[in-house]
Structure formats: structure tokens, C-alpha cells
Amino acid sequence: MNALEFILAGMLAAATPFLLAALGELVVERAGVLNLGVEGLMAFGAVLAFIVVYHGGGHLLSFVAAGLGSAVLSLVFALVALGFRANQVATGLAIGILGQGLSALFGKTYESLTVKGLPKLALPWLSEIPLAGRLFTQDIVVWLSLAATLAIWVMFAYTKVGLVVRATGENPKAAHAIGYSVTAIRFAAVAFGGTMAGFAGAYAAVVYTPLWADGMIAGRGWIAIALVVFGTWLTGRIFLGACLFGAVSLMGLAAQATGLDVPSQVLASLPYLVTIIVLGIISADRRLLKLNGIASLGEPFER
Amino acid sequence: MTNAVLDISGVSKRFGDNLANDNISLSLGRGEIVALLGENGAGKTTLMSILFGHYVPDSGKVLIDGQELPPGKPRSAIRAGIGMVHQHFSLAANLTVLENVMAGTESLWRLRSDTDAARQKLEDISTRFGLIVDPDARLGDLSVGEQQRVEILKALYNDARILVLDEPTAVLTNLEAERLFRTLKDMAREGLSLIFISHKLDEVMAAADRIIVLRGGRKVAERPAKETNKAELAELMIGRKVARPVREPSTPGEVALKVTGVSVSIDGVERLKSIDLSLRAGEILGIIGVSGNGQATLAHLLSGTVRRDKGDIVLFGEPVGDLSVEGAVQAGIGRIPEDRNNEGAIGEMAIWENAVLERLPRFSRHGLVDRSAGQAFARKIIDAFDVRGGRPATRTRLLSGGNMQKLILGRNLIDRPRILLAAQPARGLDEGAVAAVHERLLQARRDGTAVLLVSEDLEEVMALADRIQAIVNGRLSPAVAADKVNATKLGLMMAGEWNEEHEISHAL
Ligand SMILES: Nc1ncnc2c1ncn2[C@@H]1O[C@H](COP(=O)(O)OP(=O)(O)OP(=O)(O)O)[C@@H](O)[C@H]1O
Ligand SMILES: [Mg+2]
């Protein structure tokens with residue numbers, strides 16, 4: 001397998017944790033809430049999923065457990081930040097740290113243990129195309145994430161729920177005045193974001209690299225938050241950003257495999273650097289950021 | 001020109017297929033007050049934004065003291081001595097007055113900010129122009145009128161010699177407005193040059209030396225204030241004669257809404273004190289009073305966003321307890337909120353999205369929004385209510401202030417509500433639009449809608465309302481029939497002078 005094939009084959013899987021978490025955060029921010037705890041929510045979901053799979057619970061159950069667990073943790077955030085109108089940035093950071101702490105605690109006895117991942121499913125016809133066909137042999141979660149991306153795009157573009165969520169984020173006062181419960185909508189959005197972060201963590205821990213190591217999320221939650229901003233809150237751009245990030249993070253590995261004589265730390269940090277630069281260029285259009293930015297982001301709602 | 005401090009020559013600006021400014025020229029002398037008069041969407045804000053460097057004109061130029069100003073550079077405009085007080089303020093609510101005024105003026109390289117000198121300068125300006133505010137007050141705690149004073153102070157602090165005010169009185173009570181114009185005249189006497197935007201003929205006649213009329217993006221007339229009159233200006237502005245409509249006699253129907261002894265407290269302050277009112281189908285009940293006397297709470301009560309402490313609300317003969325927003329919508333209560341920008345419409349969303357948000361069940365099937373039906377509905381409102389400058393997919397924020405009001409009005413009236421709550425519906429509108437809005441309210445009355453008109457404009461209430469109640473400090477006076485009162489009596493009522501016992505009891 002040459003480097004290009006390697007990247008094509010692995011890109012979507014590498015992108016999936018970013019994608020799932022970023023989609024969740026997108027919904028949260030569109031509702032006007034800034035939850036910076038994604039990293040911790042992912043770590044918490046990851047450890048729950050790993051434990052379930054390790055004890056023979058199976059992958060389906062592990063995703064359910066991770067989704068539920070992270071949703072509950074994100075509701076703690078919602079309770080403090082939305083219920084008591086605490087500062088969202090501080091609360092998000094605190095919940096993130098809590099999630100990471102719980103993850104380390106629960107994962108202590110599982111350090112360096114491994115579980116089995118998921119089989120890859122090849123799409124008939126498409127996967128037989130030379131070179132590009134590599135893209136079409138993926139595990140089920142990747143396919144479901146692509147479906148989720150599409151679903152969220154449809155939601156914001158065409159559905160009632162999407163319209164109401166956007167109205168809540170853009171102008172909570174007006175949304176309230178026309179009869180929507182801002183707080184309930186925001187709670188639901190946060191819970192959704194938590195669930196997605198849990199799925200993202202689960203994917204990282206029991207599918208992508210099915211081995212437990214403390215701190216295995218390794219900043220992916222933060223990248224997901226950055227993706228939402230760089231993607232200017234547009235589903236399609238966030239998807240592209242996640243793919244780009246997935247691809248570049250494989251480049252490091254590909255380069256290592258070819259035996260380039262570069263310190264591994266440099267290689268490991270290269271993808272982050274490249275991605276930030278590329279995304280920075282993409283979102284250099286300040287008008288786009290301003291145009292799509294959420295007006296009430298991070299502000300508590302007071303009647 | 002010899003003594004002009006400002007010359008705008010041949011400025012044009014196009015937005016898509018909309019020519020917002022068409023070859024406009026004007027000049028401003030030292031110590032002169034010029035009023036820019038024009039309908040909603042005439043291009044007034046656009047022209048001033050070009051002057052201030054927010055927009056780059058397609059053609060034409062701006063000269064300050066004969067020097068050409070580089071286009072699109074607000075910094076250069078500020079340095080050249082132009083100060084701007086925007087239609088929507090641009091101050092930080094969490095900073096103090098002094099911090100707001102200083103923000104943006106200090107060099108970033110200086111480590112210590114020179115607060116003492118700044119405070120001294122601010123106080124000098126304050127006293128010189130009679131713009132009194134506490135420099136240490138948090139901006140968010142100030143009234144709208146005071147915030148505006150801070151905006152002006154900020155401009156003066158930056159050594160503005162030319163001050164531009166975009167619809168300064170739209171957010172002010174009448175008293176505050178009078179005070180503002182006194183200040184502006186003092187400033188002109190001190191040698192400042194001023195441009196203010198308005199579509200209120202009274203204040204233009206009273207405050208300006210010279211009046212420039214814009215219509216459809218073009219300058220249609222320029223008159224010294226002494227050589228013109230309100231009728232001529234109105235005609236120039238609209239392009240035809242306008243007269244505000246007046247209610248014709250009618251017999252109202254059933255009682256639609258009855259409120260007895262309702263009190264409402266917000267954050268521990270009693271905002272409504274045991275109020276009584278009764279509103280019948282096919283009539284307009286005017287609630288008159290100076291802003292801030294409980295009107296907002298009354299509107300919130302009837303739209304279901306605040307809870308009452310005591311008292312009863314009866315809707316169409318049925319006691320309802322507390323109204324909820326859904327309950328209000330279902331009962332057919334249409335609302336035109338006073339605070340348009342915050343509660344009326346979501347600026348970042350498309351016109352059609354704003355139009356359907358309130359009635360999503362009707363425009364969605366299986367959770368999907370029916371876009372084409374929504375857009376058709378929006379187009380219907382746009383056509384029926386003459387909303388100019390936007391298509392269904394236009395971002396609502398891009399509409400001029402008056403057109404946004406027409407959109408909100410249309411959204412509420414197009415479905416023939418049974419009760420209409422109209423809070424300051426004509427505020428900020430030009431004469432033509434005011435007449436149109438009044439006509440719509442009267443049409444609703446003819447159609448049997450019960451209209452509650454909350455306003456501080458005496459003329460408006462006397463022309464439209466069948467009965468009038470005054471609101472003062474959270475109390476509501478008994479109703480008086482509109483044809484039995486005059487301005488003097490209403491003035492007394494607004495000051496809280498009513499005698500409950502001796503009131504002529506009105507037929508119910
Ligand atoms: N950034 C923009 N993009 C597109 N159209 C715009 C933009 N700004 C203004 N317009 C349009 O240009 C026209 C003039 O707008 P402008 O805001 O100058 O009106 P105005 O005279 O200030 O009206 P009002 O009294 O209602 O504030 C309007 O039709 C408006 O919709
Ligand atoms: Mg304007």
C-alpha cells in the first residue's frame with residue numbers, strides 16, 4: 001500500500017471522532033450555548049465504552065453506555081450553566097476536567113489492555129474502483145457518522161427543529177416571546193452534544209484504536225471545538241474540516257513508515273499545525289465568520 | 001465652496017439591484033444643523049455610513065475642509081473629526097461610562113492608561129454641553145436616553161467637529177427628545193456642525209437650519225427651515241400628499257378581554273398595580289402614557305411572558321388564570337412588540353423564516369418545514385404590507401427600520417387576529433408608513449379585531465382610539481371616551497391626575 005492509498009483508506013475513520021464531537025458541538029452552539037467540556041465528555045464516553053466491551057458487553061451496548069454517560073455529564077453542565085446561569089466558559093472547562101478525571105479513575109485498572117475493534121464493510125461496486133475504492137471500505141460507525149452529518153445538515157436546512165434551534169441561538173428573547181422555551185431547547189441541545197461526544201469517545205476507544213491508555217483522547221475534543229468555529233458553523237465545512245484533519249493526522253504516520261529521519265514529536269505535531277493553517281486560511285474571510293456566528297453564543301438567557 | 005466643513009459630492013451606492021444612494025451631494029457649514037429627512041429605506045443610513053467609512057461608495061467622494069477622505073476607513077473619518085451616533089448604539093454594557101468613552105482612543109503601546117486626564121476631559125465636555133452623566137456608572141444600568149448621551153460624549157471626546165446622529169429620537173421619550181435638541185443647538189452655537197436623520201416633521205422644523213429630503217435614494221429637495229412647512233416636506237418626502245386616517249364611528253361587539261384587579265411584580269418591584277381594563281371586539285382601546293410607566297409589563301402580561309400576582313383575566317368570557325405564550329397565540333392574540341429589534345424579529349434569519357416561526361405547525365409536515373409555502377406566505381406579507389427592500393430570502397437585518405416594522409405588523413395582521421396588542425406601532429416610521437400602519441389598525445378594527453394600542457403619541461391615540469386609559473406608574477386610569485376628551489385633559493391624565501369617583505362611567 002503506498003502512502004496515498006494508506007491515507008485514502010484511513011482518512012474517514014481517523015476523521016470520525018472529530019466529526020461526531022464537532023457535530024454535537026455544532027448543535028449546542030447553534031442553540032446559543034458554548035460547551036467547552038467536549039474533551040472531558042469524550043474521555044468519559046471512551047472509558048465507559050471500553051469497560052463495556054472489555055467485559056463482553058459488545059459494541060452496540062458500549063456506544064449506548066458512552067452516549068448516555070456523557071449525556072448525563074453534559075446535563076450537569078446544563079444545570080449549572082443554564083439552570084443557575086453560571087459562566088459557560090468556566091463551567092464547561094470544569095466539566096471537561098471532571099470528565100477527564102473520571103476517565104482516568106475508571107480506566108486505571110484497564111491501562112494497556114486491548115479489545116477487538118469492528119470489522120470493515122466494503123460497499124459493493126464502489127470499493128472495487130482502483131485507488132478511490134479504498135474510501136469505501138469502512139466500519140459501520142463511519143457509515144453511520146456520514147449519515148448523521150447528512151441528517152444534521154437536513155435538520156438545519158429543512159426541519160422545524162432546526163429552525164427553532166437556530167432562532168433560539170440567534171435571538172433567545174424573540175424565541176421566548178413567540179412561545180418557545182429557550183431553556184428546554186438549550187438543555188436538549190446540550191444533551192445531544194453530550195451524547196455525540198460520548199459516541200466520539202467510544203469510537204476512539206473501542207473501534208479506532210481499541211486499546212486503553214489514559215489520556216487517549218489526546219486533544220481531539222479541542223480540535224472538534226475549533227472545527228466548529230473554523231467551519232463557520234456550517235455542517236458541510238465541518239465535515240470537510242474533519243476529513244482534512246483525519247487525512248493530515250495519517251500523513252505523520254505515513255511519513256514515519258517511509259523512514260524519514262525526522263524526530264517523531266515533530267511529525268506528531270505537524271498535522272495539527274498544517275490543519276490549523278489550512279483551516280485558518282479557509283476561514284480567513286471574516287465576513288463569513290461574522291455572518292454565520294451565533295449572536296447569543298455563551299450568553300445566559302434572562303427574561 | 002468656501003466655508004463648508006463637509007462636502008459630499010456625487011455619491012452613489014448600489015446593493016444588488018437596489019440603488020440605495022443615487023448621485024447625492026450635500027454640504028455642511030460650520031455651526032450648522034442639517035436634517036436629513038426621508039422615508040424608511042430612502043438611503044439615509046447608507047449615506048451616513050459612507051461618510052463614516054463603513055461603506056465604500058461606488059462613485060463620488062467625501063471632502064472634509066476640502067481634503068478628500070479615503071473611502072471605507074472609519075479611523076480616518078474619526079481622525080478627520082467626524083463623530084457618529086448610530087441608530088443602534090455600539091457601546092459595551094459591562095464597562096463604565098468613562099471606560100466606554102476611552103475605549104479605542106488610547107494607544108495600545110502605553111502601559112498605564114491615563115484615567116485621570118481622561119476623566120478631566122470627559123467632565124469638561126459634560127459641563128460645557130450640559131450632557132450630564134456619572135462617569136463611573138455601568139453603561140448597562142443607564143436608561144436609553146443616558147446611553148445616547150454617552151454616545152455623543154464619546155464622539156465629542158474624540159474631538160468630533162462634525163456630529164452625525166442617525167434617528168436620535170426614535171428611542172427617546174418626548175421629554176428626552178426635547179432635551180436632546182436643546183443640547184444639539186448649544187453644540188451648534190459652540191461651532192460644531194451637525195447632521196441628524198429623522199422622519200418626524202415636527203422636530204425637523206424645530207431643530208434644523210436646513211433640511212435635505214431624500215426619496216428612493218435620490219436627493220429630491222433642499223430647503224432652509226424658514227422657507228418651508230410641514231405639509232410641503234411631507235409631500236416632498238413621500239412624493240404625494242398624505243393624511244393620517246381617522247377612526248369612523250362604529251359599534252363595538254362582545255367583550256374580548258377583561259382584566260380585573262391584576263397586579264404584576266418583576267424582581268420584587270410592583271410594575272402593575274391592580275389594573276382594570278376591558279376590551280371589546282371591533283374597538284381600539286388606547287393606553288397612553290410616558291414610556292416606562294408599566295406599558296412593557298402590560299404588553300408582556302397579555303402576551304403571556306410574565307405571571308400575575310393577583311387579579312383575573314377573562315378571555316372571550318372564559319377565565320384563563322395566567323396566560324402562556326402558546327395560550328395567547330392559540331387564542332388569536334397578535335402582538336407587535338415595542339422592542340422590535342430584540343423581540344420582534346430575528347435579524348440574522350431570513351424574512352420568510354421570521355414570518356413562519358410563530359406558526360410553524362401550519363408550515364411544517366412531519367417535522368419538515370415547507371419552504372415554498374413559507375416563502376409564498378412571506379411574499380404575501382411583503383406585497384400586502386408594502387415591505388420594501390427585501391425578498392423572502394433576504395436577511396431580515398438588511399431591512400430598513402421602518403420596513404422591518406411593516407413586516408412584523410404584516411405577520412400579525414395577515415391572519416386576522418381576534419385581539420391585537422400594538423405597542424408603539426408607529427415609532428420610528430415615516431409619515432407615509434405611519435398613515436399606512438394606522439390604516440391597517442383601523443382596518444383590523446372594522447374586521448372586528450379588538451385592538452389594544454399602547455402609545456405615547458397623543459395625536460395617534462386621539463385619532464385612532466374609541467376609548468382611552470392613561471397608565472401612570474403602574475396604575476391604569478378609568479377609561480374615557482375619545483370624543484369626550486381633549487389634549488389638555490389627556491395631558492392631565494398622563495400626569496396622573498384623575499379622580500376615580502367623579503369619572504363619567506363609560507358604557508360597557
Ligand atoms: N448592507 C446592505 N445590503 C443590502 N441592502 C442594503 C444594505 N444596507 C441597506 N440596504 C438597503 O438599502 C436601502 C436603504 O437603506 P437605509 O438603511 O439607508 O435606509 P434609511 O433611509 O436609513 O431607512 P430607515 O429610516 O428605515 O432607517 C434599503 O432598501 C435597504 O434595504
Ligand atoms: Mg436608517
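**Close-up 1. A salt bridge links Glu353(B) to Arg166(A).** In this predicted model, the closest N and O atoms of the pair are 2.9 Å apart. A salt bridge here is a side-chain nitrogen of Lys or Arg within 4 Å of a carboxyl oxygen of Asp or Glu. Between chain B and chain A the count is one salt bridge. Over all chains the count comes to 32 salt bridges. Residues are numbered from 1 along each chain as its sequence is written, while chains are lettered from A and ligands numbered from 1 in the order in which they are written. Local features need pLDDT of at least 70, side-chain atom pairs count only at pLDDT 80 or more, and totals for chains, interfaces and linings use all residues, with side-chain values using heavy atoms and leaving out hydrogens and water.

**Close-up 2. Chain B meets chain A.** Chain B gives 23 residues to the contact, and chain A gives 19 residues. Contact means heavy atoms within 4.5 Å. The two chains bury about 2000 Å² between them. Of this area, 60% lies on carbon and sulfur atoms. Buried area is the accessible area (1.4 Å probe) that two parts lose on being put together, summed over both.

**Close-up 3. Helices α3 and α8 pack in chain A.** Helix α3(A) spans residues 59-83, and α8(A) spans residues 182-208. Helices (H or I, at least four residues) and strands (E, at least two) are DSSP runs, numbered from the N terminus. The angle is about 140 degrees, with the axes 6 Å apart. Axes are lines fitted to C-alpha atoms, for helices over the stretch in contact, and angles run from 0 to 180 degrees between N-to-C directions. The two helices are therefore oblique to each other. Angles under 35 degrees count as roughly parallel, over 145 as roughly antiparallel, 65 to 115 as roughly perpendicular and the rest as oblique. The contact of α3(A) with α8(A) has 16 nonpolar, nine polar and one charged residues. Ala, Val, Leu, Ile, Met, Phe, Trp, Tyr, Cys and Pro count as nonpolar, Asp, Glu, Lys and Arg as charged, and the others, Gly among them, as polar.

**Close-up 4. Helices α4 and α5 cross in chain B.** Helix α4(B) covers residues 115-129, and α5(B) covers residues 144-157. Their axes come within 10 Å and cross at roughly 115 degrees. That makes α4(B) roughly perpendicular to α5(B). Residues of α4(B) in the contact include Ala118(B), Leu122(B) and Phe129(B). From α5(B) come Leu153(B), Leu156(B) and Tyr157(B). By class, the contact has seven nonpolar, one polar and one charged residues.

**Close-up 5. Asp159(B) has a positive phi.** Its phi is near 60 degrees, and Asp159(B) is not a glycine. Most residues other than glycine have a negative phi. Asp159(B) sits in the loop between α5 and β7 (162-165) of chain B.

**Close-up 6. Arg189(B) pairs with Asp186(B) in a salt bridge.** The closest N and O atoms are 3.1 Å apart. Both residues belong to helix α6 (residues 174-189) of chain B. Being three residues apart there, they are separated by about one helical turn.

**Close-up 7. Helices α14 and α15 run roughly parallel in chain B.** Their axes come within 12 Å and cross at roughly 10 degrees. Lys406(B), Leu409(B) and Leu413(B) in α14(B) meet Ala433(B), Val437(B), Arg440(B) and Ala444(B) in α15(B). This contact has five nonpolar, no polar and two charged residues.
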